[in-house]
Amino acid sequence: MEANKGGIQQLLAAEQEAQHIVNAARNAKMARLRQAKEEAEKEIAEYHAQVEYEFQKKVAESSGDSGANVKRLEVETDAKINHLKNEAARISHDVVRMLLKNVTTVRN
């Protein structure tokens with residue numbers, strides 16, 4: 001009986017040690033899962049920040065291009081208006097003379 005009691009004690013001690021090992025492994029697994037989740041959330045936040053930065057950069061670049069296009073169009077429009085004013089000033093004398101000639105000429 002004494003031998004059985006010592007064997008039972010050893011089995012109980014081994015079972016208790018195994019339970020400690022399992023609990024330690026479970027705790028380590030949970031800690032690693034929490035760490036992996038935190039790392040994933042950090043990577044997601046960094047990726048989101050990078051995508052947002054790229055988006056804002058493209059918006060700024062396209063806005064800059066739009067501003068440059070507006071400025072270019074304004075310059076071109078001003079040049080065309082000045083050209084038309086110069087042409088009108090150049091030929092207005094001839095147009096007035098032609099109109100006066102046609103208005104004052106009597107035809108039968």
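Trainee: Why is Ile91 called partly exposed?
Mentor: Ile91 has a relative accessible area of 35%. Buried means under 20% relative accessible area, exposed means over 50%, and partly exposed is in between (1.4 Å probe, protein chains only). The value for Ile91 is 35%, so partly exposed is the label. Before we go on: this is a predicted model, where local features need pLDDT of at least 70 and side-chain atom pairs count only at pLDDT 80 or more, while totals for chains, interfaces and linings use all residues. Residues are numbered from 1 along each chain as its sequence is written, and side-chain values use heavy atoms, with hydrogens and water left out.

Trainee: What makes the nonpolar surface patch with Ile91 in it?
Mentor: Ile91, Val95, Met98 and Leu99 make it, with an area of about 340 Å². A patch takes residues with over 30% relative accessible area and no salt bridge; nonpolar side chains (Val, Leu, Ile, Met, Phe, Trp, Tyr) are joined within 5 Å, like charges within 9 Å. With its 35%, Ile91 passes the area cut-off. The areas come from the Shrake-Rupley method with a 1.4 Å probe, and for residues only the protein chains shown count as cover.

Trainee: Which secondary structure element holds Ile91?
Mentor: Helix H1, residues 2–104. Helices (H or I, at least four residues) and strands (E, at least two) are DSSP runs, numbered from the N terminus. The protein chain comes to one helix and zero strands.

Trainee: How do you know that the chain is more spread out than a compact globule?
Mentor: Its radius of gyration is 46 Å, well over the 13 Å that the globule rule gives for 108 residues, so the chain is more spread out than a compact globule. The radius is taken over C-alpha atoms, and the rule is 2.2 Å times the number of residues to the power 0.38. The C-alpha atoms fill a box of roughly 155 × 25 × 5 Å along the principal axes.

Trainee: What share of the residues is buried?
Mentor: Buried residues make up 0% of the 108. The accessible surface of the chain is about 10,200 Å², and 60% of that belongs to carbon and sulfur atoms.

Trainee: What makes Arg72 and Glu76 a salt bridge?
Mentor: A salt bridge is a side-chain nitrogen of Lys or Arg within 4 Å of a carboxyl oxygen of Asp or Glu. Arg72 and Glu76 come to 3.0 Å, N to O, so the pair qualifies. Being four residues apart in helix H1, Arg72 and Glu76 are separated by about one helical turn. Arg72 is partly exposed at 42%, and Glu76 is partly exposed at 34%.

Trainee: How many salt bridges are there?
Mentor: Four. Among them is Asp94 with Arg97, where the closest N and O atoms are 2.5 Å apart. Asp94 and Arg97 sit three residues apart in helix H1, about one helical turn.

Trainee: Why does Arg32 with Glu39 count as a salt bridge?
Mentor: The closest N and O atoms are 3.8 Å apart, and the cut-off is within 4 Å, so Arg32 and Glu39 count. Arg32 is partly exposed at 43%, as is Glu39 at 37%.
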